[in-house]
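Good morning, and thank you for the time on the agenda.

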Amino acid sequence: MNPLAISIFIMSLAIGTTITISSHHWLLAWIGLEINTLALIPVMTKNPHPRAIEAATKYFLTQATASALVLFSALINAWQTGEWTITTLLNPSSINLSIALMMKLGLAPLHFWMPEVLQGIPLLSGLILSTWQKIAPMALMLQISQLVNLELMIIIGLTSILVGGWGGINQTQLRKIMAFSSIGHLGWMLIILKFNPQLTLLNFTLYLIMTSAMFLSLIISNTTKMQDISTMFTKTPILTSFTMLILLSLAGLPPLTGFTPKLLITMELIKQNAIFLASTIMFLSLLALFFYIRLTYILTLTLPPNTSYSTTLWYFKTKINPFVSPISSFALFIFPLSPSLLLLM
């Protein structure tokens with residue numbers, strides 16, 4: 001694709017997200033969401049493969065439906081209240097808007113588009129879809145966090161954690177596994193949204209860092225299937241070790257970064273006397289822990305049959321993105337900074 005066209009699409013993604021984050025008016029927020037959606041579709045179809053076209057079509061239809069629901073709910077709310085302000089919401093409109101934003105984020109049971117779309121697009125487009133495209137809907141969810149229905153948030157959050165763990169168990173495609181991982185992490189954020197929005201923001205920031213680190217590792221090693229990562233050590237031994245640790249961080253094992261949000265969310269739920277809810281989400285997260293550990297086992301604890309010239313791959317230079325080292329470090333070693341992060345919140 002023409003570099004000028006790519007730069008225009010990337011700039012449109014940035015502009016759309018900025019408009020949504022900085023707006024206090026539902027119409028401007030809707031315009032930003034639409035710019036985001038339309039800017040990503042050409043990036044998805046950069047390689048004109050039928051699978052990519054199918055994924056872009058599914059993404060467009062889903063996002064168009066969610067955007068129409070956002071606009072419809074905002075119109076009804078403006079008709080009832082006489083205001084377009086984001087923080088002025090009545091109960092029926094707040095439920096409809098929450099459901100529409102959950103559809104944009106890919107939360108269960110509105111998640112069916114997410115694994116299929118992510119599987120059909122290149123890894124770089126998948127990185128944008130899993131990270132940047134979630135910033136605008138999550139910013140709107142944070143703005144209306146005190147107006148949403150608590151029971152709805154808990155039910156959708158629990159369903160997302162369950163689906164995110166259960167759906168990834170039987171997958172061999174890494175992009176689908178990352179899609180179910182995203183659904184599970186967003187479920188944790190949704191459960192704590194009403195209790196402590198700042199904790200949701202911290203969780204979302206750490207999710208962006210860890211997911212970006214994982215996708216960049218997959219892009220560098222050019223791996224999309226579980227079978228490919230079994231021979232990854234012969235190509236990039238150091239990156240393979242870091243990828244294993246990033247997977248364990250996504251699983252939420254101490255003392256890695258991913259343990260920070262799980263610990264803080266569990267402590268906050270216990271503080272709110274929601275001990276049964278905290279126990280339930282910790283139990284459901286064991287499903288996701290299974291497929292993360294299975295990936296680390298295949299990645300570093302097995303030795304595939306190698307040909308005699310496999311070690312010569314070490315002598316070839318692999319193009320390493322300069323962002324990989326800092327993002328991987330953040331994805332692994334932020335946990336000791338948790339007290340400082342809590343003070344900033």
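**Domains, interface and local geometry**

The protein chain is divided into domain 1 (1-148) and domain 2 (207-344), with bounds that come from an automatic or database domain assignment. Residues are numbered from 1 along each chain as its sequence is written. This is a predicted model, in which local features need pLDDT of at least 70, side-chain atom pairs count only at pLDDT 80 or more, and totals for chains, interfaces and linings use all residues, while side-chain values use heavy atoms, with hydrogens and water left out.

Let me begin with confidence. pLDDT is the predictor's confidence in each residue, on a scale from 0 to 100. Its mean over the protein chain is 89, and 94% of the residues reach 70 or more. Over residues 308-314, however, pLDDT stays under 50, and the model has seven contacts for them beyond four places in sequence; a contact here means heavy atoms within 4.5 Å. Where pLDDT is low, the predicted coordinates should not be read in detail.

I turn to the interface. The C-alpha centres of domain 1 and domain 2 lie 27 Å apart. Nine residues of domain 1 are in contact with 10 residues of domain 2. The two domains bury about 740 Å² between them, 84% of it from carbon and sulfur atoms; buried area is the accessible area (1.4 Å probe) that two parts lose on being put together, summed over both. On the side of domain 1, Leu123, Leu127 and Thr131 lose the most area to domain 2, together 68% of what that side buries.

Which polar interactions does the rule find across this interface? There is one residue pair in polar contact, both at pLDDT 80 or more. Such a contact is a pair of N or O atoms within 3.5 Å; within protein, one must be able to donate a hydrogen and the other to accept it, and residues adjacent in sequence count only if both atoms are side-chain atoms. The rule finds zero salt bridges between domain 1 and domain 2, a salt bridge being a side-chain nitrogen of Lys or Arg within 4 Å of a carboxyl oxygen of Asp or Glu.

The structure as a whole holds seven salt bridges. One of them joins arginine 51 and glutamate 54, whose closest N and O atoms are 3.7 Å apart. These residues are separated by about one helical turn because they stand three residues apart in helix α3 (residues 50-81); helices are DSSP runs (H or I, at least four residues), numbered from the N terminus.

Finally, the backbone. A cis peptide bond, with omega about 0 degrees, joins alanine 108 and proline 109. Proline 109 sits in the loop between α4 (91-105) and α5 (113-120). A cis peptide bond also joins proline 254 and proline 255, with omega about 0 degrees.

Notes
Helix = DSSP H or I, 4+ residues; strand = E, 2+ residues; numbered from the N terminus.
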